[in-house]
Amino acid sequence: MDSQTEPADRPPDAAVRRTRPRPAHTPAQPARRDTSARPPLVRELLLVVGLFVVYKAGRQLATGHTAEAFRNARHVWDWERAAHLPGEGTVQRALLHGDALVHVANTYYATVHFPATVAFLVWLYLRRPAHYVWARRVLAAVTAAALVLHLTFPLAPPRMLGAARLVDTGQVYGPTVYGARPATDSVANQFAAMPSLHFGWALMVAVGLIVATRSRWRWLWLLHPLFTLLVIVGTANHYWLDAIVATALLGIALAVIHLPHRTVTTAGRSRHLGGPEKADSVPELVGAGR
């Protein structure tokens, strides 16, 4: 036997494997919060404030259509009765069982709507930037559509409609955000009942937090739009149809404006998450244009 020949029971590459250095153990990298989709703060503040100013100015354009607003209110009331929707008075009678309960409802209507939406956007901006861009787009789309309806379909709320026989709980029990005389109210357009942005925004807050979080308790966020619905109807500020139309507008916006999906980029190639991720992979958010 040739002395240079490998033994039959030794694999040809055994020596190579024996001398090959073992890869050093690389500790798992801690998960990092992706901030690539977070837009500049100053620009966002200017954008959100600008949208709010435009919306408030647009609502004021719908003031003064008193006769049309009451005519539309009678139509809405008749449509609800034809659809066999429960009367708004059913909810109001439950609130009027005690002064404390109706006062809480008025306070919720006056103070929770806007601060809750702002807090929602701030939290998303800081903790879920990709979700923030998506939520801001959806809220802007719903608000713009609502403004168009406010201009084209002025609507007196049920508290002003004699056929509804409801109490203006804000004026009687307080607090209220509206003036006693709609025609001279320079703060708010009281003939912009449909759709209800109180309900539309509250529903978007709940949807956004359910999508952006993973807690098993996250479905409890639906209590916010539920309470809002009972409050806006019970205080006679909105009809059931106002909330239904707001829900439809939000559904359309959510169907059109999709949440950005995450991909993994490796060596210049992108793919959806789901397969094994390489150590040098860099997550990116697709569709999170700012």
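Predicted model: local features only at pLDDT ≥ 70, side-chain atom pairs only at ≥ 80, totals over all residues.

Analyst: Residues are numbered from 1 along each chain as its sequence is written, and side-chain values use heavy atoms, with hydrogens and water left out.

User: How many helices and strands are there in the chain?

Analyst: Helices (H or I, at least four residues) and strands (E, at least two) are DSSP runs, numbered from the N terminus. Read from the N terminus on, the elements run α-α-α-α-α-α-α-α-α-α-α-β-β-β. The chain therefore has eleven helices and three strands.

User: How many residues apart in sequence are the parts that phenylalanine 70 and phenylalanine 191 tie together?

Analyst: Rings of Phe, Tyr and Trp (its six-membered ring) pair if their centres lie within 6.5 Å, with planes under 30 degrees apart counted as stacked, over 60 as edge-to-face and the rest as tilted; a search of the whole structure finds five aromatic pairs. One of them joins phenylalanine 70 and phenylalanine 191 edge-to-face, at 6.0 Å centre to centre and 70° between the planes. Because phenylalanine 70 lies in helix H3 (residues 66-82) and phenylalanine 191 in the loop between helix H8 (169-173) and helix H9 (197-212), the pair ties together parts that are 121 residues apart in sequence.

User: Is phenylalanine 153 buried or exposed?

Analyst: Tryptophan 79 and phenylalanine 153 form a stacked pair, 6.4 Å centre to centre with 15° between the planes. Buried means under 20% relative accessible area, exposed over 50% and partly exposed in between (1.4 Å probe, protein chains only). Tryptophan 79, at 47%, is partly exposed, whereas phenylalanine 153, at 18% relative accessibility, counts as buried.

User: Are H6 and H9 roughly parallel or roughly antiparallel?

Analyst: Axes are lines fitted to C-alpha atoms, for helices over the stretch in contact (heavy atoms within 4.5 Å), and angles run from 0 to 180 degrees between N-to-C directions. The axes of helix H6 (residues 113-127) and H9 come within 10 Å and cross at roughly 25°. Angles under 35 degrees count as roughly parallel, over 145 as roughly antiparallel, 65 to 115 as roughly perpendicular and the rest as oblique, so H6 and H9 are roughly parallel.
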